[in-house]
Amino acid sequence: MLFSANLSLFDNAYLFILDYGVPSHLSGTAFLAHAIILKLSHPFASMSELYSIIADHHNRSPRAVASCIIYAIKHSDSICSRLRLLRNDLFPGRVISLLAPIFKSSLLSSQSAAALDPI
């Protein structure tokens, strides 16, 4: 996936999530993108802390955020195969912890490729 410098970090994370087959029409997709960004900036935060931050930002309860993320992950087309997980191993904390460094390295490699582009 190629990231754009013209897009915000959230928009790039959202497109990254869509690339993993998470449906775009679910609110959990946006929450998942937000959780990945937060996991990068707060690597030792618990999932309940991340859910609380996301819930405050989106005016929802932490429980609703958790449920929406779980629903979005469970309805992904290819997240199991791309992360090499079984359907029974799709816990939100595990998925977020696996996706965050992948997103970071993809974003960094795309930025360095853009810096090398002469156009």
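Is Arg-82 buried, exposed or partly exposed? Arg-82 is partly exposed, because its relative accessible area of 38% lies between the 20% and 50% cut-offs. This value comes from a predicted model.

**The salt bridge**

Arg-82 has a charged partner. Its side chain meets that of Asp-19 in a salt bridge, with 3.6 Å from N to O. A search of the whole structure finds one salt bridge. Side chains of opposite charge can pair when their charged atoms come close.

Here are the two partners side by side.

| Residue | Relative accessible area | State |
|---|---|---|
| Arg-82 | 38% | partly exposed |
| Asp-19 | 35% | partly exposed |

**Helix α3**

Now to helix α3, residues 47-58. The helix has 12 residues, so at 1.5 Å a residue it should span 16 Å. Its end C-alpha atoms are 16 Å apart, which agrees.

Which residues of α3 are buried? They are Met-47, Leu-50, Tyr-51, Ile-54 and Ala-55. These residues cover an arc of only 135° around the axis, so they lie on the same side of α3. The face turned away from that buried side carries Asp-56 and His-57, which are exposed.

Just after α3 comes Asn-59. Asn-59 takes a positive phi of about 60°.

Note on methods:
Residues numbered from 1 in each chain as written. Predicted model: local features only at pLDDT ≥ 70, side-chain atom pairs only at ≥ 80, totals over all residues. Heavy atoms only, no water. Salt bridge = Lys/Arg side-chain N within 4 Å of Asp/Glu carboxyl O. Buried < 20%, exposed > 50% of the residue type's maximum accessible area, 1.4 Å probe, protein only. Helix = DSSP H or I, 4+ residues; strand = E, 2+ residues; numbered from the N terminus. Expected span 1.5 Å × (residues − 1). Arc of directions from axis to C-beta.
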